[in-house]
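Trainee: Before I rely on any label in this model, I would like to hear the criterion behind it. Could we go through them one by one?

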Amino acid sequence: LNFIRQHHQKIEKIAVVTDDGFATVIPHLASHFVHAQVRHFDLAHEDAACDWLGQCAHVQMRSAA
């Protein structure tokens, strides 16, 4: 989140990939704080998240755990 806060104007999309139920509200909350489009994807749809981001080979995935 610190990275996003400092560089959010340069980021176009953020995919939140998790099965945590709370993550479904993240896109709505994030829209108030970041310029990027934010979407939630279940773990089972990780490929869809990567496709939505559009650059699977260059995506840096970071785990919050």
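**Labels and their criteria**

Mentor: Let us start with the contacts (heavy atoms within 4.5 Å): among those in the protein chain with a separation of 6 or more, residues 24 or more positions apart account for 52%. Bear in mind that this is a predicted model, in which local features need pLDDT of at least 70 and side-chain atom pairs count only at pLDDT 80 or more, while totals for chains, interfaces and linings use all residues. Residues are numbered from 1 along each chain as its sequence is written, and side-chain values use heavy atoms, with hydrogens and water left out.

Trainee: What makes the pattern of the protein chain α-β-α-β-α?

Mentor: Helices are DSSP runs of H or I with at least four residues and strands are runs of E with at least two, numbered from the N terminus; the protein chain has 3 helices and 2 strands, and reading along the sequence gives α-β-α-β-α.

Trainee: Why is Ile11 called buried?

Mentor: Buried means under 20% relative accessible area, exposed means over 50%, and partly exposed lies in between, with a 1.4 Å probe and protein chains only. Ile11 has a relative accessible area of 17%, and therefore counts as buried. Ile11 lies in the loop between helix 1 (2–7) and strand 1.

Trainee: Why is Val25 called partly exposed?

Mentor: The relative accessible area of Val25 is 37%, so Val25 is partly exposed. Val25 sits in the loop between strand 1 (13–17) and helix 2 (26–30).

Trainee: How do you know that strand 1 and strand 2 pair?

Mentor: Pairing requires that DSSP finds at least two bridges between two strands, and strand 1 and strand 2 (residues 37–41) have 5 bridges, in the parallel sense. Within strand 2, His40 is the bridge partner of Val16.

Trainee: What makes a set of residues a nonpolar core, and which residues form the largest one?

Mentor: A nonpolar core is a set of buried Ala, Val, Leu, Ile, Met, Phe, Trp, Tyr and Cys residues joined through side-chain atoms within 4.5 Å. The largest has 8 residues, namely Ile11, Ile14, Val16, Ala23, Ala30, Val34, Ala36 and Val38. Not counting residues up to four places away in sequence, Ala23 touches Val16, Thr18 and His40.
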